[in-house]
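Open the model in your viewer and keep the selection panel to hand.

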Amino acid sequence: MNIGFFGLQFSFGLQQSNMGPIYSYLGASEAAMPLLWLAGPMTGLLVQPLIGALSDRTVSRFGRRTPYFLIGALLCSLGLLAMPYSPTLWVAASLLWVLDAANNVTMEPYRAYVGDRLDPDQRPIGFLTQSAFTGLAQTLAYLAPSILVFWGMDRDAVDLNGIPHITKAAFLIGAVLSLSTILWSVLSVRELPLTPEQIAEMRREPLSARTTLADIRNAVRDMPPTMRKLAFAMLFQWYAMFCYWQFITFALARSLHGTSDASSAGFRDAALATGQLGGFYNFVAFVAAFALVPVTRRWGARNVHALSMLAAGAAMLAIPGITTQSWLFVPMIGIGIGWASLMGNPYVMLADSIPPQRTGIYMGIFNMFIVIPMMIESLTMPLLYNNIINGDPRNVLYLGGVLMVAAAVATMRVPSGRPVAASA
């Protein structure tokens, strides 16, 4: 079931590690960078609640979630193929909108699918295993350019727009993985069939724009207290993660190579370093996600997640002061632990607090708690960058670290679910 999630997260990993450099190669300034990343949060805000509501009510011969997997995977593959061939900045920004919309069409039904198939006592391992596949996929996505260089591709070979050939090859691999892994997952793990009672309930109010919007409105009105409390913690942690993804390459270019010139060899080396460090922290996340399963069962998702956010915050605060690449792998352990928990434990807390028949729509609404902080960051950072941040991307990472610590404090205010007893 999680094989399809692998391909989806490989796509996200390519975006996280390469969109900043691609925008820079095409002439974007550092201060404008957050605005160019608006595609992700905007499409997530619009698409995921809508797709969540639709997938809860869809009745088809393929199931209620599967049609969205397939449509999203096809569009995602096409977007990945086209992205590194963007001739101008506006083309790259437009393709990111298409690519993120496609990823979001696939993402929400996949999370709901886990809730559909697993009993409450299985959800910690289900969502944290999904987190592990996120770590593994993004490890390979971040490392893909470095692996291609190791296999003999020239790291300095670029096209007329300055985009490296290794970047184009990595996106081609991502396009193939995105479609093939979703197809494999759909064919190997079928959806559980709906009961006659479930089908009758859906057909009593057929799928329409009116019922979809009414479902979203009613779900927001009836939102469980746990979910409302989680919103505050999510604000801090996702603002911080967007700061990290957008500015890590620029921060490393300054701290490791003393440059801000996107056409320099030092900047390309910083982009490769971002991939190598990102691959490492995602591998840590892959291992940590499995390690967190028994810890979460024993101590509860809330407590484990708060400690993980502290580890990520400490790491972000340490990165700007490190001037040797080999030492940067140490704080990546904290980033990896935080990323593993962030992709699993909030969903454990959520899934235990929502009604099963509304899993799709609440997973979609929960995504708003991710994308709204990203939107706030994208809109406020250009205003802060040259004034409060002093035009230095390393200061953006300091801000991210402080916000991660705030996320840990806010997480401890979420009502504590009862830890799930370990299975015999």
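**Second cavity**

Select α1, α6 (123-150), α7 (165-188) and α11 (265-299): each supplies at least two residues of the lining of the second largest cavity. Helices here are DSSP runs (H or I, at least four residues), strands are runs of E of at least two, and both are numbered from the N terminus. The model is predicted: local features need pLDDT of at least 70 and side-chain atom pairs 80 or more, while totals for chains, interfaces and linings use all residues. Residues are numbered from 1 along each chain as its sequence is written, and side-chain values use heavy atoms, without hydrogens and water.

The second largest cavity holds about 170 Å³ of space. A cavity is a set of points on a 1 Å grid over the protein atoms alone where a 1.4 Å probe fits but cannot get out; lining residues have an atom within 4 Å of a point. Volume is the space filled by probe spheres set on the points, which are joined across faces, edges and corners. Next, pick Asn 18, Pro 145, Thr 167, Ala 271 and Leu 272, the closest to its centre among 15 lining residues.

**Largest cavity**

Move to the largest cavity, with about 410 Å³ of space. Select Phe 12, Trp 238, Trp 245, Ile 370 and Met 374, the closest to its centre of the 27 lining residues. Then colour α1 (3-25), α3 (39-57), α5 (89-117), α10 (225-257) and α15 (359-385), which each give two or more residues to this lining.

**Whole chain**

Zoom out: the protein has 16 helices and 0 strands.

Technical notes:
On a 1 Å grid over the protein atoms alone, a cavity is a set of points where a 1.4 Å probe fits but cannot get out, and a pocket is an open set with protein on both sides within 12 Å along at least five of seven lines; lining residues have an atom within 4 Å of a point.
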